[in-house]
Amino acid sequence: MHFKITQLEGKNLDLDSKNWELAGNLRETKGERNAYHGALNRCMDGRERGRVCYEGAAVPTRLIEAPTDKFFLGVDDDGDDDDYGDDDDNDEDPLDLHGFEMPSQRGYGVREEMDFATECTGDTNTRLLLYFDYRFPKLKHRHRDNDNRTDYTAIEKENANFKAYYRAQGIISDDEEFQKFWASLKETLPTTWRFTGSKGHAVGVRDTLLTKHIPALTNTTFDGAAIPAPTPLPWYPDQLAWQLTVGKQVIRRSPPFKQLQAFLVSETSSGNISRQEAVSMIPPLLMDVESHHTVLDMCAAPGSKTAQLIEAVHSGEEDRVAESAKRLNGVLARLAEASKQLDNPTAVDNDVPVETGEAAERLLGRSTGLVIANDADYKRSHLLIHQTKRLNTPNFIVTNYDATLYPPLRLAPLPAVDGKKPQQQYLKFDRVLCDVPCSGDGTVRKNPLVWRDWNVSNGNGLWSTQARILVRGLQLLKVGGRLVYSTCSLNPVENEAVVHAAIERCGGADVVEVVDVSDRLPGLARRDGLTKWKVMDRDGTWFETWDEVRDSGIPYTDRLTRGMFPPEEQEGETADMLKRAVRVYPHLQDTGGFFIAVLRKKGPIKAAPEGEKVQTGGQKMKGVGVEGTDAPALADVDTPMVEAVPSNGVKRALGDEEEADPGSPTKRQKLEEPSPAKEEESDNPAPLDIPSSNQNAAPKEHDDPKETIHKKPRGNFNEEPFKYLQPTHAVLAAIRQFYDVSRYFPQENFMVRNAEGIPVRTIYYTSCLARQILTHNEGRGVRFVHCGVKMFNKQEVQDPEACQWRIQNEGLPIIESWVGERRVVYLRQKETLRWLMKELFPRVEDCPEIKERMESVGGGCCVLRVEIEGLDGLVLPLWKSRYTLNLMLPKEERRAMLLRLFDDTEGPMDSTKEQREADARARKEAGKAAEPVTEEKEEEDMEAKDEDEKEDVLDDDDEQIVEA
Ligand SMILES: C[S@@+](CC[C@H](N)C(=O)[O-])C[C@H]1O[C@@H](n2cnc3c(N)ncnc32)[C@H](O)[C@@H]1O
């Protein structure tokens, strides 16, 4: 994706994509795979004119002019589900955006140019949003200015095949209930959201809803009818997930609902609230993630479940860290005291040893676990960064692989024993989430396109990928670990059939079991998994068993395969286990449809090899044959696998620790070619067959181990390397010294993103395990997309005593407890906080409460600790220039806090801007005439520098906002 503004205010510019950031609201467009609808935004200054030039593979649909930051959410009314309560178009609504169509050229390698103008004047918060549809040339949005868009309301909510399919499948056997189920698919889906972030933070924001909005919304009427207030989802812990059933008409006209909406919009844009379908919140809750767990989210984008997994890894961390900080800072205080009184060595004896690695993290109370979020689509993998940005987690890595071929990731080798070579260790996961690509027919309530486009091939065609992803997930899981398989499809072929096939392939119920979760999430209405279903070919023919397919002799082309069928009679145990899966239907509690199966790995997997097996009607079909053959199994052992090329012509999929070339995410041994050996087995049905994508491949007699399938990864891969800094690095030493960072804080986890390993602008912080993985896989071409929290940013600074590296807002929660008192400022009055939030550059003298402290603290970055009842634990980065202060927060966050804490709907202001600009102009003028240096001039120069520093801070702050 490459956007350029080539002209601004008539001046030619060449601002590259750095000035544009994907807005945080990118999400999948309904029902269409590999598609999302999103926005780029950039802060604009007042009225601006220009020409935007678009180059890239995405398809811009229109340019939007948005008058205020409110539009940061970047939503419109044209069928998307991003806004809070959508039932119609309305110009007054702040979420309504005006836009117009870009020229209609579509496809790849597109280059478009068009003029734009922002409409409002004098508003520094104006954003220009450029909407685009990605990889979705078919999607057109309904808009009042253009009838060339899909009118979602015009899509008829009927599809005879869709209905007939599910009626025949008997997913709901009772006729009356089926009618209810079917009717519910046509109803508007309630708006649901989750309070996100650390528990303390999420609870704080939730309490604003509970104490401020809910009382005002209770017993509200509209046109004489009672309007329901939002309600918490009964099964979601701690009232952190809510639903709202009220439409926009009402929201618009009812003042308390309007206020609720402003709250939701503001907290969403600052990342404290995440819009998420209720049913999509279930899988992470059933994973039982703990703070030391390694978690793999195999198909993660756009990342709503990833965010939940990260929250789970950090659960309890705030309390643990607070406890440790109290203890360890107490130790340091005693040591300092003891060193003053050399005749009292007892405090030194009580010293806690400084630890390194995970021991250091544990000492500090930090979580040692890790979430790796993966997506096969490179661009979508970047959505994961944005979705999780506000969680500021160092325990997080994003990768970009086809999950069916997820590579083994190296850990530090075990030390050499008895002169033997060190033994290579590979990462295994305590928890795996396979939220696989699916037909998505359970999302029909929010995605009307399902009514139009549903067909049986959608589900059948995905079975193979789904089964492969699940098998790979099970291989990567530790013995004793838990894996959740989920889809937003109602189709047993994509659900129970995949689970059944994967379990069989991995060795059956003795090795992998479906966990009974019927006692979990009380309050969640659900149905059991199915044990019987049928399979329909794309021509509409139903088959009850695989034998029927084989016997029919019809040349099926729809890739029906053995694994799609239900367990046979002799597989009673597996069938019983399938009942333990969870099916959520829309009519049960007014949600979307969802399927979840929780699996536990009981023993090492010897996964059956994939291969080709059966012929019907003269046409080859794919399958796997292992029973009764000497086909090699895929070992699932904790030691590295020895490469075993089978002798019977069947090649195998990647084993757990098989060292594929990780730089080629889809490179693999060829599995598809049938071999004579396999064909002989055709009368001896295998427990599972996973068809290949290459059904009609010509048979080959011999394996060629070098043969690989080179599927192009989706999207180019272009990431800077991750280089860790030595703890002794001069920059780190200076930072430690300036902030008096506790000796207990890990020193070896600071990282930069350039090949030279030089701290140029940003220093990141990662967890120990993340460091271990990044360093031990360096040079292997592993497709790491993201890791690390911005901890320090380089900053122009005039005070020679000040550190050039300021603590970033993102990193502050990680380091704040370990910053020495000399850089800490305490704030106890609400008015001081309000003023610091309201004014972008308040003068020190206008903050009487902290004036004295600020004057003594010296220039540069400080840690502002808020000690106000109800806001305990709030810690903010504060920049001290010569005369002014600057709370270094993204504007969105300021705005949300001003609204939440002070009912301020106006947002922050920059009352010094005009003066600064005038001063800058005057300085420029003055600079033309060479003046003798006087004391007065020196003072002026200092002020000018102060202004430059301020601009620098502002620029950076804006950058943060854009990134937010
Ligand atoms: C249902 S969505 C995942 C939604 C996500 N778990 C969430 O909660 O936000 C499926 C994702 O799988 C990705 N995907 C499709 N095929 C894949 C594959 N073979 N390996 C990994 N990811 C894949 C798609 O790009 C898509 O982002």
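**Close-up views of a predicted model**

View 1. D223 sits in the loop between β12 (220-222) and β13 (225-227). Please keep in mind that everything shown here comes from a predicted model. What is the phi of D223? It is positive, at about 50°, although D223 is not a glycine.

**View 2. Helices α7 and α11 packed together.** Helix α7 covers residues 304-313, and helix α11 covers residues 378-388. Their axes are 9 Å apart, and the two helices pack at an angle of about 50°. That angle makes α7 oblique to α11. The crossing of α7 and α11 is right-handed. Which residues make the contact? On the α7 side they are S304, T306, A307 and I310, and on the α11 side they are L384, Q387 and T388. Sorted by class, the contact of α7 with α11 has 3 nonpolar and 4 polar residues, with no charged residues.

**View 3. The residues around the ligand.** Here you can find the 19 residues around the ligand. Which of them come nearest? They are C299, K305, A376, A403 and D435. The shell around the ligand is made up of 8 nonpolar, 5 polar and 6 charged residues.

**View 4. An open sheet with antiparallel pairing.** Follow the 4 strands of this open sheet in the order β14-β15-β11-β16, and note that the pairing is antiparallel. The edges are taken by β14 (231-232) and β16 (273-275). Each of these edge strands has a single partner strand, so one side of each is left without a neighbour in the sheet. If you zoom in on β14 and strand β15 (residues 241-244), you can see them pair in the antiparallel sense over 2 bridges. Which residue of β15 is the bridge partner of T231? It is Q243.

**View 5. Helices α3 and α5 packed together.** Helix α3 (residues 199-217) packs against α5 at an angle of about 165°, and their axes are 9 Å apart. The two helices, α3 and α5, are therefore roughly antiparallel to each other. The crossing of α3 and α5 is left-handed. From α3, the contact uses V205, H213, A216 and L217. From α5, the contact uses P256, F257, Q259, L260, F263 and E267. By class, the contact of α3 with α5 counts 7 nonpolar, 2 polar and 1 charged residues.

**View 6. Helix α5 meets helix α24.** How do their axes meet? The crossing in which α5 passes α24 is left-handed. On the α5 side you will find A262, F263, S266, E267 and S269, which meet E892, R895, A896 and L899 in α24. The contact of α5 with α24 has 4 nonpolar, 2 polar and 3 charged residues.

View 7. Which strands stand at the edges? Strand β42 (residues 875-880) and β43 run antiparallel and are joined by 3 bridges. Within this pair, L878 stands opposite L887 in β43.

Terms used: Residues numbered from 1 in each chain as written. Predicted model: local features only at pLDDT ≥ 70, side-chain atom pairs only at ≥ 80, totals over all residues. Axes fitted to C-alpha atoms, helices over the stretch in contact; angles between N-to-C directions. Parallel < 35°, antiparallel > 145°, perpendicular 65-115°, else oblique. Left-handed = near helix turned anticlockwise from the far one by under 90°. Contact = placed C-beta atoms within 7 Å. Nonpolar A, V, L, I, M, F, W, Y, C, P; charged D, E, K, R; others polar. Near = placed C-beta within 6 Å. Pairing = 2+ DSSP bridges.
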